[in-house]
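Colleague: I would like to go through this model step by step. Could you take my questions one at a time?

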Amino acid sequence: MNIINQPQTVQELLQWAALFLGKEGQMEGELLLSKVSGYSRAKLWAYPEVELSESDRKFFTELVKLRHAGEPLQYLLGTQSFMGLDFLVNKNVLIPRSDTEVLVEETISLARKLQWPLRILDLCTGSGAIAISLAKYLLEAEVTAVDISREALQTAQANAELHNVDQRVKILQGDLFHPIGCDTFHIITSNPPYITTAEMVKLPDDVKKEPSLALWGGEDGLDFYRRIIKESRQYLKAPGWLLVEIGWLQGERVKELFEKNGFTECQIIKDWAGHDRVVTGRSSVL
Ligand SMILES: C[S@@+](CC[C@H](N)C(=O)[O-])C[C@H]1O[C@@H](n2cnc3c(N)ncnc32)[C@H](O)[C@@H]1O
């Protein structure tokens with residue numbers, strides 16, 4: 001450390017961040033310093049003695065302090081990887097989770113068995129992670145993405161442009177099916193808010209920094225499933241498929257809702273940790 005004890009070099013800044021942030025501090029410090037300096041992590045290791053400019057040092061210490069105060073790392077970095085793609089994220093959108101990749105992979109394998117050209121609707125799209133991954137991996141599929149939050153949709157639009165699928169991803173603002181009109185789809189996907197009222201108060205501090213609009217699913221967490229499952233039949237082609245992500249304790253109750261609403265071939269699919277994560281069902285003629 002230099003004489004006035006202000007970290008100035010790459011090495012000093014990383015040591016300070018590791019001490020300040022604790023457990024994950026070394027790795028998070030490297031990611032944040034990489035963002036601030038424009039150096040890759042490998043370059044940070046290769047040039048520990050490089051002194052950063054005063055403005056970079058100031059920006060870095062601000063980011064580390066925000067992280068220490070509980071700001072999610074992904075909001076500070078501005079990106080999150082999902083399905084091998086980098087998505088822009090900010091406080092207006094849920095940070096895409098790796099669990100949700102199960103929903104996307106199921107949809108892709110199902111889509112490959114269906115008749116093309118394929119039309120897909122993604123409800124509660126947030127950053128657009130599901131809709132844009134589907135457009136990216138299912139070339140020629142036409143995807144419609146809906147969210148009630150105008151701010152979230154600005155991020156979804158930016159992500160669609162970033163991944164060059166904005167010509168095939170139509171972004172609409174509104175409450176679930178309201179903006180759809182009389183369009184019909186081969187597949188409807190959704191990762192809706194599904195946290196219960198009781199769980200909301202017990203969420204970890206960093207999850208509490210994500211928009212509550214993206215989290216709360218009503219008293220028992222099932223409000224969105226009741227609406228989506230009931231209303232989707234009107235917007236599905238015959239046959240058509242509905243796939244929803246669920247909280248890991250909601251599988252049987254959501255599957256029951258599918259069956260009560262006339263869906264067949266209903267299945268609960270597990271994530272890599274062995275937890276119930278996705279429910280799928282097939283809709284025939286109304
Ligand atoms: C759990 S997040 C999912 C975001 C994204 N699909 C993902 O998997 O990362 C739920 C999203 O639902 C949106 N939402 C909440 N209420 C809605 C409604 N009534 N209609 C449409 N979208 C809604 C929120 O704004 C939020 O973006």
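**Questions on a predicted model**

Colleague: Which unit do strand 3, helix 7 and strand 4 make?
Modeller: Keep in mind that this model is predicted. Strand 3 covers residues 119-123 and runs parallel to strand 4, with five bridges joining the two. One of these pairs Ile120 with Val143 of strand 4. Together with helix 7, the two strands form a right-handed β-α-β unit.

Colleague: Through which helix does the chain cross from strand 4 to strand 5?
Modeller: Strand 5, residues 169-173, pairs with strand 4 in the parallel sense over five bridges. Ala145 has Ile171 as its bridge partner in strand 5. The β-α-β crossover from strand 4 to strand 5 is right-handed, and the helix on its path is helix 8, residues 150-162.

Colleague: Why is strand 4 largely enclosed by the rest of the structure?
Modeller: A residue counts as buried if 20 or more other C-beta atoms lie within 10 Å of its own. Strand 4 is largely enclosed because the buried ones among its six residues number five.

Colleague: Is Thr144 buried or exposed?
Modeller: Thr144 sits in strand 4. Beyond its neighbours within four places in sequence, Thr144 is in contact with Leu121, Lys170 and Leu172. The cut-off for burial is 20 or more other C-beta atoms within 10 Å. Thr144 has 22 of them within that distance, so the word for Thr144 is buried.

Colleague: What distance separates the C-alpha atoms of Thr144 and Ala160?
Modeller: Along the chain, Thr144 and Ala160 are 16 residues apart.

Colleague: Within what arc do the buried residues of helix 6 fall?
Modeller: Helix 6 spans residues 101-111, and its buried residues are Leu103, Val104 and Thr107. Viewed down the helix axis, these buried residues line one face, because they fall within an arc of 95 degrees.

Colleague: Which elements are included in what covers the buried residues of helix 6?
Modeller: The cover includes one helix named above, helix 7. It also includes strand 6 (185-190), strand 7 (236-245) and strand 9 (276-283).

Colleague: Which elements give two or more residues to the shell around the ligand?
Modeller: The ligand is surrounded by 21 residues, and the closest are Cys124, Gly126, Ile148, Asn191 and Ala214. By type, the shell divides into 13 nonpolar, six polar and two charged residues. The elements that give two or more residues to it are helix 7 (129-137) and strand 4 (142-147).

How values were computed: Residues are numbered from 1 along each chain as its sequence is written. This is a predicted model: local features need pLDDT of at least 70, side-chain atom pairs count only at pLDDT 80 or more; totals for chains, interfaces and linings use all residues. A residue is near a molecule or strand if its C-beta atom, placed from the backbone, lies within 6 Å of it. Helices (H or I, at least four residues) and strands (E, at least two) are DSSP runs, numbered from the N terminus. Ala, Val, Leu, Ile, Met, Phe, Trp, Tyr, Cys and Pro count as nonpolar, Asp, Glu, Lys and Arg as charged, and the others, Gly among them, as polar. A residue is buried if 20 or more other C-beta atoms lie within 10 Å of its own, exposed if 12 or fewer, and partly exposed in between; C-beta atoms are placed from the backbone. Two strands pair if DSSP finds at least two bridges between them. A crossover is right-handed if, with the strands pointing away from the viewer, the path from the first strand over the helix to the second runs clockwise. The arc is that of the directions from the helix axis to the C-beta atoms. Two residues are in contact if their C-beta atoms, placed from the backbone, lie within 7 Å.
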